[in-house]
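Please look over the sequence and the model shown below before reading on. The numbered points that follow are meant to be checked against them, one at a time.

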Amino acid sequence: MKANAGQIRQALQSPRRDVRFHLLHGPDEAGAQALAALLGKALGPEAERIDLEGAALRADPARLADEAASMSLFGTPRWVRITGLGEESLAAVTALLELESGTNPVVAIAPGVKTSAKIVKLALDHPRAMAFGCYPPTAQDAEKLAAQLAQDQGMRVAPGVAARLVESAGGDRSVLAREVEKLALYLDAAPDRPQELTLAALDAVGADLDEGETFALVDTLIEGRPDLLASELGRLAEAGGSPIPWLRQVARRLVSLAEMRAEMATGEPVEAVMKRHRVFFKEEAATARHLRRWTPAMLANALARVRRAERAVMAPGNAGGVLADDAALSLARALARRR
């Protein structure tokens with residue numbers, strides 16, 4: 001059956017025995033992960049989670065049904081989470097839905113699956129399944145999400161805060177959630193002790209490095225100069241601080257290039273596109289060079305990798321700046337190979 005946003009949240013927050021498969025498909029992988037986490041939260045911290053990869057189910061289609069039908073060793077709740085689900089898992093999902101007896105709930109994250117896929121049609125048509133399309137929120141929806149996340153943490157959002165939160169997170173739902181959690185800790189906010197989230201609190205917690213300090217780093221990455229980039233990363237590491245600010249500056253540059261490339265695809269000359277985007281005249285030569293070297297696919301891939309690095313850096317128990325440095329150097333080396 002097809003679910004809307006409210007229905008899928010309700011189904012995951014209060015699992016129903018008559019729905020055994022929850023399919024979260026579409027490009028908003030961070031949003032799908034956040035929804036999948038609701039199921040684990042609903043079942044409690046003692047619940048046993050079984051993680052499966054979509055590709056592994058192709059070689060062993062019966063495994064999904066076996067895992068879903070198995071009992072936990074200690075009698076605690078059990079659930080299955082599938083990541084990277086694709087059409088190759090159609091047989092496995094079909095076997096799961098054909099089981100006669102009840103099973104443990106299954107949630108599948110399928111960022112590469114389109115609405116027209118057979119596995120989506122199966123979930124839409126079957127009474128024991130729910131399908132929900134996950135797409136990046138619009139700016140207005142993202143601000144509503146930011147306000148809701150803050151409210152869940154016990155914070156009342158002051159005017160202008162939601163929009164700035166969305167901008168600082170680059171529209172990434174996972175990063176946005178981490179930002180809100182960090183602000184709640186700073187304000188000592190909770191549902192039973194609400195606090196007001198103001199722009200001043202954002203300034204105190206999320207003050208970015210001055211862009212002048214990181215301009216050389218961003219520029220050498222976009223140019224594809226891993227040798228110079230390594231020096232810049234070392235310089236910033238010595239100065240201390242989080243890599244989040246410069247990761248976001250890289251993301252903003254990539255988004256800007258992607259927007260200009262999209263306009264160039266309609267036949268507009270690069271000079272006209274740069275003029276409309278008000279590119280500083282001293283940066284026109286470099287920007288034109290970047291626009292000719294970076295393809296739309298490269299920009300999309302690079303932006304996804306930068307966003308993944310940011311989420312990884314903000315995750316608990318992470319390796320810190322090493323993750324950001326690795327992502328940046330990998331991108332610069334890949335671009336250097338295309339010279």
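**Notes on helices and loops**

1. D188 sits in the loop between α9 and β7 (195-197), where helices (H or I, at least four residues) and strands (E, at least two) are DSSP runs numbered from the N terminus. Its phi is positive, about 55 degrees, although D188 is not a glycine. Most residues other than glycine have a negative phi.

2. Before going further, please note that this is a predicted model, in which local features need pLDDT of at least 70 and side-chain atom pairs count only at pLDDT 80 or more, while totals for chains, interfaces and linings use all residues. Residues are numbered from 1 along each chain as its sequence is written, and side-chain values use heavy atoms, with hydrogens and water left out.

3. R278 also has a positive phi, near 55 degrees, in a residue other than glycine. This residue lies in the loop between α14 (270-276) and α15, and R278 counts as exposed at 76% relative accessibility.

4. What is the place of E179, and which residues does E179 contact? E179 belongs to helix α9 (residues 173-187), and at 6% relative accessibility it counts as buried. Leaving aside neighbours within four places in sequence, E179 is in contact (heavy atoms within 4.5 Å) with L165, R248 and M314.

5. Helix α13 (residues 244-264) has 21 residues and reaches 30 Å from its first C-alpha to its last. This is close to the expected 30 Å, a span defined as 1.5 Å times one less than the number of residues. Several residues of α13 are buried, among them W246, R248, A251, L257 and R261.

6. Two packed helices are described by the angle between their axes and the distance between the axes. Axes here are lines fitted to C-alpha atoms, for helices over the stretch in contact, and angles run from 0 to 180 degrees between N-to-C directions. Helix α13 and helix α15 (residues 284-293) pack at about 70 degrees with their axes 10 Å apart, and they are therefore roughly perpendicular to each other (65 to 115 degrees). In this contact R253, L257, M260, R261 and M264 of α13 meet T287, H290, L291 and R292 of α15.

7. Not counting residues up to four places away in sequence, H290 touches D219, I222, E223, R253 and L257.

8. The axes of helix α16 (residues 296-314) and helix α17 (residues 321-336) come within 8 Å and cross at roughly 165 degrees. The two helices are therefore roughly antiparallel to each other (over 145 degrees). The residues in contact include M298, A302 and R305 of α16 together with L323, A324 and A327 of α17. By class, this contact has 11 nonpolar, one polar and one charged residues, where Ala, Val, Leu, Ile, Met, Phe, Trp, Tyr, Cys and Pro count as nonpolar, Asp, Glu, Lys and Arg as charged, and the others, Gly among them, as polar.

9. A304 is found in helix α16 and is partly exposed, with a relative accessible area of 32%. The C-alpha atoms of A304 and A251 are separated by 9.0 Å, although these residues are 53 residues apart along the chain.

Technical notes. Parallel < 35°, antiparallel > 145°, perpendicular 65-115°, else oblique. Buried < 20%, exposed > 50% of the residue type's maximum accessible area, 1.4 Å probe, protein only.
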